[in-house]
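Welcome! Take a look at the sequence and the structure, then read on.

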Amino acid sequence: MNTIKRLITSVVLAVGVFGLGAAHAVELQWFGQSAFKLTTPGGKVIMIDPFITKNPKTPEALKDLSKLGKIDLIVVTHGHGDHVGDTAKLAEMSGAKVAMNADMGHTFGTLGLVPYKQLVRFNKSGPIKPLGDGITITMVRAEHSSELLHADPATGKKTLYPGGEPAGYIIELENGYKIYHAGDTGVFADMAFIGSYYQPDLALLPIGGHFTMDPAHAAYAVKNLLKTKTVIPIHYGTFPPLKGTPEQFKTALGDFPTKVIVMQPGDAQKF
Ligand code: ZN
């Protein structure tokens, strides 16, 4: 009898202590390239660089945008098509706020891609809390370019519009967990500032090369500048020029004590 009582007490305690904790995990689903669906410990849903319907790496089953469920916020790192992706459609479907650099925000607003009332236009080192007190988003530098190539829906004519400056984001969640999404970037010395000032728990880093860091540059960034405990490699294998591989990245890291998580498109990972 006593044994059963003790067992019941242990189970009740375990549910009390760990049950709630399990429901508060951070969940990150990768769609390939730089696109993620982030579900926060408080149940908010943030889409990052949502390149989904035209993404060759996104599993077909995930290309039905209506199945994404609710979206509270969309963040876009820069104006290139493989990052802007389905932003306008998702903004229309969900009514979510859309955060991006202030200048590209004007391009989105004036073209009518996203209504101004949904846009959160901001810039570097000015943290914002578009979802209330629990979540802070800070824009950081990226060493890249940004322009928006937009096709007129009536004529199909393509025109280039200003995309402001490219960016990365530090996303701090309700439980203090910090994610650094680097956007598209080359390596730059200010990554040391990002590593020491924000101390991200997890970095999402491009390794494909050609338009961004290749595996060797990304490994240098981790070892010498960011020193992040956990890294997920992104922006590789989607198109032929993006030749860098996670294996090359791991080899370049050598025995440096950073955990590399290699995701498959469609995978969801809890932290
Ligand atoms: Zn780009």
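Predicted model: local features only at pLDDT ≥ 70, side-chain atom pairs only at ≥ 80, totals over all residues.

As a bit of background, the strands of a sheet pair through backbone hydrogen bonds, and they can do so in a parallel or an antiparallel way.

**The hairpin of E1 and E2**
- Across this pair, Glu-27 faces Thr-39 of E2.
- Five residues lie between E1 and E2, and the two strands form a hairpin.
- In the turn you can find Gly-32, with a positive phi of about 95 degrees.

**The other partner of E1**
- E1 also pairs with E15, in the antiparallel sense, through three bridges.

**A parallel pair**
- Strand E3 (residues 45-48) and strand E4 (residues 73-75) run parallel and are joined by three bridges.
- Here Ile-48 has Val-75 of E4 as its bridge partner.

**The whole sheet**
- Which order do the seven strands of the open sheet follow? The order is E6-E5-E4-E3-E2-E1-E15, and the pairing is mixed.
- At the edges are strand E6 (119-122) and strand E15 (268-270), each of which pairs on one side only.
- On average, neighbouring strands of this sheet are turned by 20 degrees against each other, direction ignored.

**A helix across the strands**
- Helix H4 (residues 102-111) lies across E6 and strand E5 (97-101).
- H4 runs at about 130 degrees to E5.

Note on methods
Residues numbered from 1 in each chain as written. Heavy atoms only, no water. Pairing = 2+ DSSP bridges. Helix = DSSP H or I, 4+ residues; strand = E, 2+ residues; numbered from the N terminus. Axes fitted to C-alpha atoms, helices over the stretch in contact; angles between N-to-C directions. Contact = heavy atoms within 4.5 Å.
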